[in-house]
Amino acid sequence: MQGKDMMNRPPAKKHLTEDDRTRIETLLNEQMSIRYIAERLDKSPSTISREIKLHTSNSKTCSCDCIYFYECNTMNVCGSKSCKKQCRNCGKAKKYCTDYSKSYCDRLEDSKLKLCNGCSRPYNCHFSKRYYKASKAQREYKDTLVNSRNGYDLTAEELIAIDETVSPLIKNGQSVYHIAQTNNLKVSESTLRRMINSCELEARNIDLRNAVKRRQRQKRPKDYKSMKVIKDGHKYEDYLKFKEGNPIEIPQMDCVEGSKDSKAVLLTLFFPVTRLQLAFILEEQTSENVVACLDMLEEILGTELFKEMFPYIITDNGHEFADIDGMQRSINGGDRCFIYFCEPNHPEQKGGCEKNHEFIRYVIKKGTPLEPYSQADINLMMNHINSYKRKELHGKSPYELTKLMYPEDFANLLGLEEIPPNDIILTPKLLKKSDSSD
C-alpha cells in the first residue's frame, strides 16, 4: 500500500512559487523556525534554508553603531565646521572618532537565522539590518531564471568557427535548418537562430528569407487565360474519387513564367512524397510545347518507366494544358498517362508544386526572362534544389529519397546529381557563376 501511495503522489514542485515566498516571509515575521516553515510548505528544511540564505538583503543604517550611541554628544569629529548634526547620527563618524567601538544587536546575535524579521522595534534601531523580503526574493529568482537561459556555452574560437561556417551558407540562400542538419556546429537550430537574431554572427535576420515580411498577395487579373475544353472524367471531383480507392503518389504539373515580354516558360513536374521536382524549358507556353516535352521525357525514360513514374498527373487549367489527348497519348501508340485538373483558381489543390516553386524563384527572380538560360542551367538549378534538406522530410533531401524509393534508372536517365550540402547555392549567383565558368 505504501508503494501504491507513493505512485499516486503528485510530482514534487522543484521551484518555490511567489506564494511560497510570501508564506516564508510571513512565518519568519512570526518568529517560526526553519523546520516549522518547511513542514507548512511541504518542503525540506535545506530548501528553506538555502532560499533564505540566497535572498537575504542587508541594509546599512545612516547612524553610527557605536556602543556609546545613546550617551555621546560629540560633534565635528571629521573636522567639518559647517556640519550641525551630532556624530552619532552620521554613519561616517566612526572613521574619524578615536573612541568608536562597534556594538552588536543582542537579539540578532542570539537568533539562529540572523534575521531582523519579526523585530519589535525596527524603526528605532541604529544597527545594520538583515531582512528576507518575498518580493525581492521573487525578482531575484526570475532574474536568475532568465539569465541562466541567456548567452551561449561557447568559447570565442568556437563562436568564430560557427560564424565562418554559417554566415557564407546563409548568404548562399541556405536555410538555418539545412545548415544545422548538414554541419556539426555544437549548437541546435533554435540556438543558431537566436545567435543570428542577437547579431552574434555576420549573417543577419535580413539575410534569412522568411524573416522578412511577405508582401500582400496580388489578386489574379481578370483577363487570366484558362482553357475551355470538355473535361468530363478529368475534373477534380473525379480525382478525389480515384484517390479514395487508390492511395498512390500522383505527380503535379505546372508552368513557371518569366517576364511579361518573355515567351519561354518552365514546365515543372513535382512528386509530393519525395518533394522531387523536374523542370524543362519550353520555347513558348503552348499546348504543343507541353506535349512535345512529355514526348521527350517518355523517349528518355522509355515508355514502361514513364508509365510507372507518371501513371496519373494533376495540373491546373492553364491554356497550355488544353490538349488532353496529346498529353495522354504515348509516342508508341496507346495511352501513357491520365490527366486530372484542379478546380479553376484553386492552386492549393496542387499546393506542393506551387510551394516548391519558391526555390526556383530564389535563383530566378520573378519577372526575369528565361531565354538566356539553357536546359543545362535549369538542370543545375534543380540539382541544387533537390539536394536541399527539408524539415518535412525529417532532414532528408528529395534526391536521397528518390534514390531510395524510385527505380535506379529514373535518376540515372534524367542525369540527376546530388550536390554536397555546403556547396548548395539558392541565389541568382548560382546561374551567373555557371555562365561565367562556361
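**Chatting through charges, rings and patches**

Q: Which residue does Arg275 form a salt bridge with?
A: Arg275 pairs with Glu392, and their closest N and O atoms are 3.8 Å apart. This pair connects distant parts of the chain, 117 residues apart: Arg275 is in the loop between β4 (265–271) and β5 (276–282), while Glu392 is in the loop between α15 (375–386) and α16 (398–405). A salt bridge here is a side-chain nitrogen of Lys or Arg within 4 Å of a carboxyl oxygen of Asp or Glu. Helices (H or I, at least four residues) and strands (E, at least two) are DSSP runs, numbered from the N terminus.

Q: Before we go on, what kind of model is this?
A: This is a predicted model, where local features need pLDDT of at least 70 and side-chain atom pairs count only at pLDDT 80 or more, while totals for chains, interfaces and linings use all residues. Residues are numbered from 1 along each chain as its sequence is written, and side-chain values use heavy atoms, leaving out hydrogens and water.

Q: Back to that pair, then. Why does Arg275 count as partly exposed?
A: Because its relative accessibility is 25%. The classes are buried (under 20% relative accessible area), exposed (over 50%) and partly exposed in between, with a 1.4 Å probe and protein chains only. Glu392 is partly exposed too, at 43%.

Q: How many salt bridges are there by this rule?
A: The count comes to 15. One of them joins Asp316 and Lys350, with the closest N and O atoms 3.6 Å apart. Asp316 sits in the loop between β6 (312–315) and α13 (324–328), and Lys350 in the loop between β7 (338–341) and α14 (351–363), so this pair ties together parts 34 residues apart in sequence.

Q: And are Asp316 and Lys350 buried or exposed?
A: Both Asp316 and Lys350 are buried. They also belong to a network of salt bridges that links them with Asp254 and Glu354.

Q: What about Lys136, which residue does it bridge to?
A: Lys136 forms a salt bridge with Glu140, and the closest N and O atoms are 2.3 Å apart. Both lie in helix α6 (residues 134–147), four residues apart, or about one turn of the helix. Lys136 counts as partly exposed at 26% relative accessibility, and Glu140 does at 24%.

Q: Where is Gln138?
A: Gln138 is in helix α6 as well. Gln138 is buried, with a relative accessible area of 10%.

Q: New topic: how many aromatic pairs does the structure hold?
A: There are 14. Take Tyr406 and Phe410: their ring centres are 5.9 Å apart and their planes at 85 degrees, so this pair is edge-to-face. Rings of Phe, Tyr and Trp (its six-membered ring) pair if their centres lie within 6.5 Å; planes under 30 degrees apart are stacked, over 60 edge-to-face, and the rest tilted. Tyr406 and Phe410 are both buried.

Q: Which residues form the aromatic cluster?
A: Tyr236, Tyr239, Phe242, Tyr312, Phe338 and Tyr340 make up one cluster.

Q: Last one: which residues form the nonpolar patch on the surface?
A: Val273, Leu404 and Met405 do, with about 310 Å² of accessible area together. Leu404 lies in helix α16 and is exposed, at 68% relative accessible area. Patch residues have over 30% relative accessible area and no salt bridge; like charges are joined within 9 Å, and nonpolar side chains (Val, Leu, Ile, Met, Phe, Trp, Tyr) within 5 Å. Areas come from the Shrake-Rupley method with a 1.4 Å probe, and for residues only the protein chains shown count as cover.
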